[in-house]
Amino acid sequence: LCGRPEGGPVIARGTAVLTAALLAVLSAGCQPGPRATTAPAAPAGHPAPAGERRIATVAEAFLSPMTPADNIDSPAAWQAPDGSTWLIATAKATDKLVVYDGSTGRHVRDVGGAGAGLGQFDRPNGIAVTDDLLWIVERDNHRVQVLSLPGFTPLAVFGAEDLRKPYGLWVDARKGHYSVYVTDSWDDGEDAQGNDLLPPLAQLDKRVRRYDVQRTDAGLNATLAANIGDTSEAGALRVVESIWGDPANDRLLIAEEDETYANEFKVYSLDGRFTGRTFGRDVFKAQAEGVMLRTCGRGGWWITTEQGKGRSVFHLFDRHTLRPVGAFQGNTVANTDGIWMLQAATKRFPQGALYAVHDDQGVVAFDWAEVARALSLPTGCGA
């Protein structure tokens, strides 16, 4: 009832419940549904045998307006000085940013347009927010563009001399200095069927680029600091997009999206060394995608995405041990690319919110308090 993807599952309900649900749909999105329940996993890529795993179901707090022409990829959230929350998403097909109200999902405005100038985009993909800076990876401009908020004022572009086919990024922000990790998943042409050909392992030593970025009175200065990528069979980064780090534990998690090899996360150190550790291969039934860290004191959880076409599943792993903690799905959200964890409290989400792209057409929100309740996690961790 709340933006069900075409061809997705339909659940029969009584007339009274259906009427109430339809009345609850607002122009800005959908209101919260039922409390969390636990159910077998919905089909996601390659369905697991019945009884193999149990996945909680948490109702989406809202679903933004659906805009299929945009091809929405990744979201990031920013809290304005007046306390409002902006949810900013990249629109790959229309070369712009789409801004939603982070509390309701209401469409606020669009930013940018097609081009190679400042404030213009060519297939924007990964996105992140640190302080008042908005970082956007442009795949087909082969660069990272930085805007200042709240005015979306262009500050700088960098990486065009190095990047070949960039997708995702993570920004390690520390007192005016930024280490920016950008995944660069270029391919070696196509085969006769039009499938991308992976480069040989020996050429995968630049799958991630790290830039040192300094903020000055004149703007931003960016310098290529490192090329990252193991060339061994176990540590190679074949098809990469999503990336996130944990400075407190010297960890960089990178999603391996080459389904012919494995759906898993590879663990690197922040200086770019493969640690020899991977995880998730025995859990994911569809492509590994978005990743974020939710801290809880010195602990917390890695939130990862299983990009099921019929239903997305979000798997949580312990911050330190990387052992599975639990998993949940929504009533609607499917085919998720990027996610964003807003840990700061808002009036609508006192424990924060998890935002996730839905089927390339919009964004949903999960109230973190509901997720924590469904998975029996501690609450009140704070920002």
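I began with Asn125, which sits in strand S10 (strands are DSSP E runs of at least two residues, numbered from the N terminus). This is a predicted model, where local features need pLDDT of at least 70, side-chain atom pairs count only at pLDDT 80 or more, and totals for chains, interfaces and linings use all residues. Residues are numbered from 1 along each chain as its sequence is written, and side-chain values use heavy atoms, without hydrogens or water.

Asn125. I looked up its accessibility: Asn125 counts as buried because its relative accessibility is 2% (buried means under 20% relative accessible area, 1.4 Å probe, protein chains only). I then listed its contacts (heavy atoms within 4.5 Å). Beyond four places in sequence, Asn125 touches residues including Thr90, Lys92, Val137 and Tyr167. Its side chain makes a polar contact of 2.8 Å with the side chain of Glu241. Another, of 3.3 Å, goes to the side chain of Asp73. (A polar contact is a pair of N or O atoms within 3.5 Å, one able to donate a hydrogen and the other to accept it; residues adjacent in sequence count only if both atoms are side-chain atoms.)

Confidence. I checked pLDDT (the predictor's confidence in each residue, 0 to 100). The chain averages 87, and 86% of residues score at least 70. Residues 1-51 stay under 50.

Lining. I found 20 lining residues, with Ser74, Leu169, Ser242, Gly338 and Ile339 nearest the centre. Strand S18 gives the most, four residues.

Conventions. 1 Å grid on protein atoms, 1.4 Å probe; cavity = no way out; pocket = protein on both sides within 12 Å on 5 of 7 lines; lining within 4 Å. Buried < 20%, exposed > 50% of the residue type's maximum accessible area, 1.4 Å probe, protein only.
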